Amino acid sequence: MSKTRFFGNLIKTNPTLPTANSSSAYGTATGIWTLEEAGAFRASGDWPVPASAPGAPTITGVTAGNAQVAVAFNANASTGGLDVTSFTALASSGQSASASSSPITVTGLTNGTAITFTVTATNAVGASSASSASNSVTPIVGAARGLFCSGAVSGGNSNVIDYITISSTGNATDFGDARTARSFYTGGASGTRAIFSQEYQGYDYITIASTGNAANFGSANASTNAHAGSSNNTRYLIWGGFNGSTSQTNERIEYVTIATTGNGTDFGDMNESTLYNAAAGGETRAVCSGGQNIGGAGSEVNTISYVTIGSTGNDSDFGDMSHTKAQHGCTTNNTRVLFIAGLKDGFSNTNQVEYVTLASTGNASDFGDLSSARRDVSNGNVTSTTRAISGGGSTTSSVNVIDYFTYSSTGNATDFGDLTVARNRHGGASTFGGT
């Protein structure tokens with residue numbers, strides 16, 4: 001090609017030769033070039049082309065950690081004509097992080113709260129459109145601690161709080177004391193704080209990671225005895241119970257916000273008024289099961305109901321257990337819900353364990369058996385993401401046995417260890433979202 005150019009009847013010598021886009025920089029083409037010459041430069045890759053933002057990446061997986069999630073992705077083949085300089089992962093809760101390659105770890109997340117992610121790619125032109133959202137994932141808090149509070153013991157009631165590390169096995173260790181020695185406790189927890197509610201006495205709370213005695217959280221909105229409790233990482237709900245009147249109907253559900261102390265607030269009504277029921281909560285949905293009708297002959301029921309924890313309102317029908325059941329346990333890992341032992345069909349002790357899938361409604365199916373037939377096992381969600389725990393209970397007298405189940409497979413209980421004291425009608429709770 002000629003090194004001179006005709007320009008306004010003048011000769012321009014030594015023009016700057018065209019260059020293609022390179023890395024994150026645009027190419028250049030100064031001087032006057034014929035179409036034929038421009039075509040030749042383009043064909044040889046030595047001509048700047050218009051650039052655009054990259055194509056959207058594709059998320060391939062999300063992995064939960066302690067207050068963080070690693071987001072894996074594939075870059076789009078379309079770079080927009082310039083090198084991609086960074087990728088950004090954005091959580092639905094607002095946190096974000098950037099890196100030059102996959103995976104990106106987003107930190108500062110709330111343990112126990114489900115979130116999704118999108119990823120964008122950026123070059124010199126700008127950012128791509130967002131990828132499709134990832135599957136829902138829940139940051140975890142590490143090893144879950146299980147707690148057992150107060151309850152009935154030989155000769156009276158206990159105020160002892162025990163704890164275990166759910167991922168291991170072994171005997172329970174003393175944590176501290178509840179405010180009062182009473183039975184008919186139940187409980188729930190966030191990732192950091194456990195709440196126990198007791199007969200006519202309101203709410204206690206403890207900080208899970210430490211040991212020590214419980215403190216007063218607040219008073220119940222509707223004082224009841226033998227109610228059920230459930231929680232997610234934010235709210236603790238109590239269901240039903242006996243308020244001293246055999247004519248009570250549509251017993252209320254109430255809630256507290258776990259992070260702040262205070263009195264209970266009305267949530268809604270149950271479809272039927274029961275006591276000796278059991279409940280458990282996942283990230284968005286909580287279920288309440290069975291119990292004994294209040295008034296009349298006090299017959300047992302087999303119904304399962306549910307609410308959406310983040311809203312308020314009356315419960316809805318979920319399905320039925322295969323048998324009527326009261327004074328039983330209930331746990332969930334946010335996928336499966338287990339209904340454990342209790343009194344079945346005419347007030348006889350049972351070792352039967354059934355389950356449902358929390359995200360869908362329907363009737364319960366057989367899961368396996370507890371190590372022995374008993375009632376008044378720990379009432380409250382003692383669980384990790386992989387294991388369900390049942391502690392104590394009563395046959396003809398209180399027992400100190402702790403059993404566990406593996407959620408992912410059906411089957412009978414395995415021995416975990418022993419409580420520090422044999423007890424029944426006691427509360428249970430565990431680190432929400434712990435492994």
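**Entry 1: cysteines**

As a reminder to myself, a disulfide is a covalent bond between the sulfur atoms of two cysteines. I then checked C288: its sulfur lies 7.8 Å from the closest cysteine sulfur, in C330, and that is too far for a bond. C288 also counts as buried, at 3% relative accessibility. C149 is buried too, with a relative accessible area of 0%. Here buried means under 20% relative accessible area, exposed over 50%, and partly exposed in between (1.4 Å probe, protein chains only).

**Entry 2: how to read my notes**

This is a predicted model, so to speak of local features I need pLDDT of at least 70, and side-chain atom pairs count only at pLDDT 80 or more, while totals for chains, interfaces and linings use all residues. Residues are numbered from 1 along each chain as its sequence is written, and side-chain values use heavy atoms, with hydrogens and water left out.

**Entry 3: a sheet with β9 and β10**

I found an open sheet of four strands in the order β11-β10-β9-β34, with antiparallel pairing. Strands are DSSP runs (E, at least two residues), numbered from the N terminus, and two of them pair if DSSP finds at least two bridges between them. Which strands stand at the edges? They are β11 (173–177) and β34 (427–430); each has a single partner strand, so one side of each is left without a neighbour in the sheet. The twist averages 25° from one strand to the next, using axes fitted as lines to C-alpha atoms, with angles from 0 to 180 degrees between N-to-C directions. Between β9 (residues 145–153) and β10 (residues 156–165) I noted eight bridges. One to look up is R145, whose bridge partner in β10 is T165.

**Entry 4: another four-stranded sheet**

A further open sheet runs β12-β13-β14-β15, again with antiparallel pairing. Its edge strands, β12 (186–189) and β15 (215–218), each pair on one side only. Here the twist averages 35° from one strand to the next. Three bridges join β14 (residues 202–207) to β15, and D204 stands opposite N216 in β15.

**Entry 5: nonpolar cores**

A nonpolar core is a set of buried Ala, Val, Leu, Ile, Met, Phe, Trp, Tyr and Cys residues joined through side-chain atoms within 4.5 Å. The largest has 16 residues, and V71, L109, F117 and V119 touch the most other members. Two or more residues each come from β4 (68–74), β5 (86–91), β7 (104–106) and β8 (117–122). Another core, of 14 residues, lies apart from it and includes A178, Y185, A194 and A429.

Conventions. Disulfide = S-S within 2.5 Å.
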